[in-house]
Amino acid sequence: MSQYYDIDDILAEDELVPAVFQVAANGVGLFDSSDETNKVTYEDETIEVEQGSKVELPFWLARELHLRQALSINLPPCFNQKTRDELVADAAHVDLKNRCPYFYELGCKLFSLVGDKTIALLLLAAFQTRYKEVLIKAQTAAMTVAPKFLTLLTKEETKLYEAAQSSMVAFKKWRMGGPRFQRASVLGRKRRPSD
Amino acid sequence: MAAQSDPQGSEFSAAELEFLAEDEMIEIVPNMRMESLNLISGDFGPFHPQISTQVPLWLAMALKKRGKCTIRPPEWMLVEKLMQVLEAERDSQKSFQPLPFHYVEISRLLFDHARDDIPDIYMVRSLIEDIKDVRFYKIGTGLEVISQRTTALKLNHLTAMEVNIVRPFLVKALQTFNKLDNPEIHKS
């Protein structure tokens, strides 16, 4: 399933998803993002979460609690109707990075947990359109156009773009020529022996 | 392979491709007399002045640098031939023309070292550039067609450098499409 050591996977699972508690939970440490000192200790001040309360949890926590049937997960705000409408209108220019830089990854993971079948189709359609844009932009490699467009891409799309870009750039650099062997900078200037 | 500084490491660096290209055979006309060379990769015949022999490209480069031979450009590198290839490339929308696998690297090596041995060198150079650009453009348009149904992609007659450039992008794109496609098949 998920790559245990993959940094992007870990970061993707760190995204917040809204969830509704089904049972009253006791001793669940809720990391309130606005308040650093709100960590729960077990001796005193255990936070009690009532049934039916809505919280925003990181995905990894939400999934574990979901497996224990303690809560139900809703779709995070980046998959709401507003984003969907924008994707239908013009997928290539939707700023996915702002909403959720792990759009596709999160969508895949959420797919099995949330009872919404339309996620997959949405992701697929969005990716298909955006992919074409990525392709075109990567090949033309104009340095002025690039930065504005790059800010719209999610992590995966950025990796795709960079893969295409770097190989093209390396090829052009090679074609320019240049010395085949470069003297290592460590060698420096020759120094006379000091005797 | 690749330089270890590349963490993805899924491609050769251009210099490595050039190194691999140097194994191709090419015809030279030596201007000195020398015994045959018995190398690990093969025996390269006794060299007599004005009698052409086939040697690998790296050997040709080395001899040329020492001024011991002149290089005869390969057959595909003539202006008429290249013009034909260019015309054919421009005409056919989907398919690529068969070209020597390392034509980019070989041509670059010859331009750098054997400039005086190639007739009409500027013409040849610009033709090869044009061919390269047309092929790249075709690759780009071909890649646009990928959708979720694509399980594998076949591009005929693609040469080493083009394959190397396209490889990381294409592999990642196919992977992502595959990843997005799978849950659907299982669920619906």
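The structure is a predicted model, in which local features need pLDDT of at least 70, side-chain atom pairs count only at pLDDT 80 or more, and totals for chains, interfaces and linings use all residues. Residues are numbered from 1 along each chain as its sequence is written, chains are lettered from A in the order in which they are written, and side-chain values use heavy atoms, with hydrogens and water left out.

Chain A has a mean pLDDT of 70; pLDDT is the predictor's confidence in each residue, from 0 to 100. In chain A, 69% of residues reach 70 or more. Over residues 33-45 of chain A, pLDDT stays under 50. For that segment the model has twelve contacts beyond four places in sequence, a contact being heavy atoms within 4.5 Å.

Chain A is assigned domain 1 (1-30 + 46-74) and domain 2 (76-176); such bounds come from an automatic or database domain assignment. Their contact takes 15 residues from domain 1 of chain A and 13 residues from domain 2 of chain A. The two domains bury about 1,200 Å² between them, 67% of it on carbon and sulfur atoms. Buried area is the accessible area (1.4 Å probe) that two parts lose on being put together, summed over both. Asp8(A), Glu15(A) and Phe59(A) supply 38% of the area that domain 1 of chain A buries against domain 2 of chain A, more than any other three residues.

Between these domains there are zero salt bridges (a side-chain nitrogen of Lys or Arg within 4 Å of a carboxyl oxygen of Asp or Glu). Helix H1 (7-12), strand E1 (16-21) and helix H2 (59-67) of chain A each supply at least two residues of the domain 1 side. Helices (H or I, at least four residues) and strands (E, at least two) are DSSP runs, numbered from the N terminus. H1(A) gives the largest share of this side, four residues.

Between the chains, 29 residues of chain A are in contact with 32 residues of chain B. The buried area is about 3,000 Å², and carbon and sulfur atoms give 71% of this area. On the chain A side, helix H5 (103-113), helix H6 (118-140) and helix H8 (155-176) give two or more residues. The largest share, twelve residues, comes from H6(A).
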